[in-house]
Amino acid sequence: MTTLMFILGIVVFAIGLLISIAWHELGHLSTAKLFGIRVPQYMVGFGPTVWSRKKGETEYGVKAVPLGGYIRMIGMFPPGSDGKIEARSTSPFRGMIEDARSAAFEELRPGDEDRLFYTRKPWKRVIVMFAGPFMNLILAVVIFFGVMMTFGVNTQTTTVGKVSDCVIQQSENRTKCARSDQAAPAKAAGLKGGDKIVAFDGKAVADWSALQSDIRANPGKDVTITVERKGQQLDLKAHLIKNQVSKTDGNGGYVEGKYVYAGFLGFTPASGIVEQSFGQSVTRMGDMMQNGVESLISLPGKIPALWDAAFGDGPREADSPMGVVGAARVGGDVFTLDIPPSQQIAMMLMLVAGFNLSLFLFNMLPLLPLDGGHIAGALWESLRRNAAKVLRRPDPGPFDVAKLMPVAYVVAGIFVCFTILVLIADVVNPVKIS
């Protein structure tokens, strides 16, 4: 049964992956057609074509390898400086440029002269290229908000999980009390596991983050803590002391290895599934975006540890880069967890949403052959054309993105090598959840 559920999880993730890719390419397709650009092909996947059907001037299809997708727009690059689509050259770099330019006009038909991608104004080209990643962002936001506001998320609550016996400075890294240790204020006040804190010093408690902030902001103060215990409300008196505690991230979590001196009560909050309000969901979504950007920036620094996890005996870190295969395995693991089916569905949806958020951020990198590279090219063209107008100089014409194809091949080569490394790590030392 476990194996069957694991396979089912992989299949569900694969379906979510295909929908995400198709949704991305639909953004490119719809805006390209809106601006009158001819699109001969819309494909989900790579490799041999499994199914296709031509509707109007566009062939729609699915290919065998579901690791991406594409649409083909004619005239992605302008003709060369000599006005020709293809010029012969023995230079390998020049050959890359010519091959790219030739492919852009491969399906040119009579009457297409006004339907070429490069002839559209820069702002229209930016919209076409941005539409794909933006569709992934929309899908990620809708799923994230839907899950957080309906299913809820696992978060620290205002219910007491465990009461500390004594006061220990966080940096001491010990759990056992010494004879000289002072009793924890929570224990002295009579706080017990299972108590739900509903008010702190007369003020209603909204969530764990707010309660944590109130406790830390009042060292040395005598406070009244109102709790719900077995259906009754009790007022407990506690004297908060000043103690060394872990620095917080502002959302109830902790910053590893960083300490501050603040008010201390001495208990561990219980975790539970809590539905989020719209405001809380917005905050969490903002944190996810920030974490995603930071993860993308720190990606090169994680390669040594990833290499060690793939080819050495190093551990696979929880925040290690993960590819489609690794994500699919996590999807399989989700359906084997001993949790309610509703939470399995919520975790799977969050996994698909995270994949879409990653697609958005990754594709926005200003590098060819990514969408961000074409956006950067269009913006540069707009900048230099407007500058020429202001300076009353001749129009420099469209920016020839094809000249950057040698760089694009280098970038693509790096991406391929990184993808292979992640794939190997995902197979031999996968990221695991519990």
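**Ground rules.** I number residues from 1 along each chain as its sequence is written, and I leave out hydrogens and water, using heavy atoms for side-chain values. In this predicted model, local features need pLDDT of at least 70 and side-chain atom pairs pLDDT 80 or more, while totals for chains, interfaces and linings use all residues.

**Backbone.** Most residues other than glycine have a negative phi, and most peptide bonds are trans. The bond from Leu 368 to Pro 369 is cis, with omega near 10°. I placed Pro 369 in the loop between α9 (341–363) and α10 (371–390). Helices here are DSSP runs of H or I with at least four residues, strands are E runs of at least two, and both are numbered from the N terminus.

Asp 201 is not a glycine, yet its phi is positive, about 55°. I found Asp 201 in the loop between β4 (196–200) and β5 (203–204). Its relative accessibility is 35%, so Asp 201 counts as partly exposed. My cut-offs are buried under 20% relative accessible area, exposed over 50% and partly exposed in between, with a 1.4 Å probe and protein chains only.

Arg 392 also has a positive phi of about 55° without being a glycine. Arg 392 sits in the loop between α10 and α11 (405–428). Arg 392 is exposed, because its relative accessible area is 81%.

**α1 against α9.** I checked which residues meet, taking contact as heavy atoms within 4.5 Å. From α1, the residues include Gly 9, Phe 13 and His 24; from α9, they include Met 348, Phe 355 and Asn 363. By class, the contact has 7 nonpolar, 6 polar and no charged residues. Ala, Val, Leu, Ile, Met, Phe, Trp, Tyr, Cys and Pro count as nonpolar, Asp, Glu, Lys and Arg as charged, and the others, Gly among them, as polar.

**Aromatics.** I searched the whole structure and got 10 aromatic pairs. Rings of Phe, Tyr and Trp (its six-membered ring) pair with centres within 6.5 Å; planes under 30 degrees apart are stacked, over 60 edge-to-face, the rest tilted.

Phe 13 and Phe 355 have ring centres 6.2 Å apart and planes at 80°, so this pair is edge-to-face. Phe 13 is in α1 and Phe 355 in α9, 342 residues apart. Both are buried.

Phe 130 and Phe 134 have centres 5.4 Å apart and planes at 25°, so they are stacked. They are 4 residues apart in helix α3 (residues 122–151), about one helical turn. Phe 130, Phe 134 and Phe 360 form one cluster.
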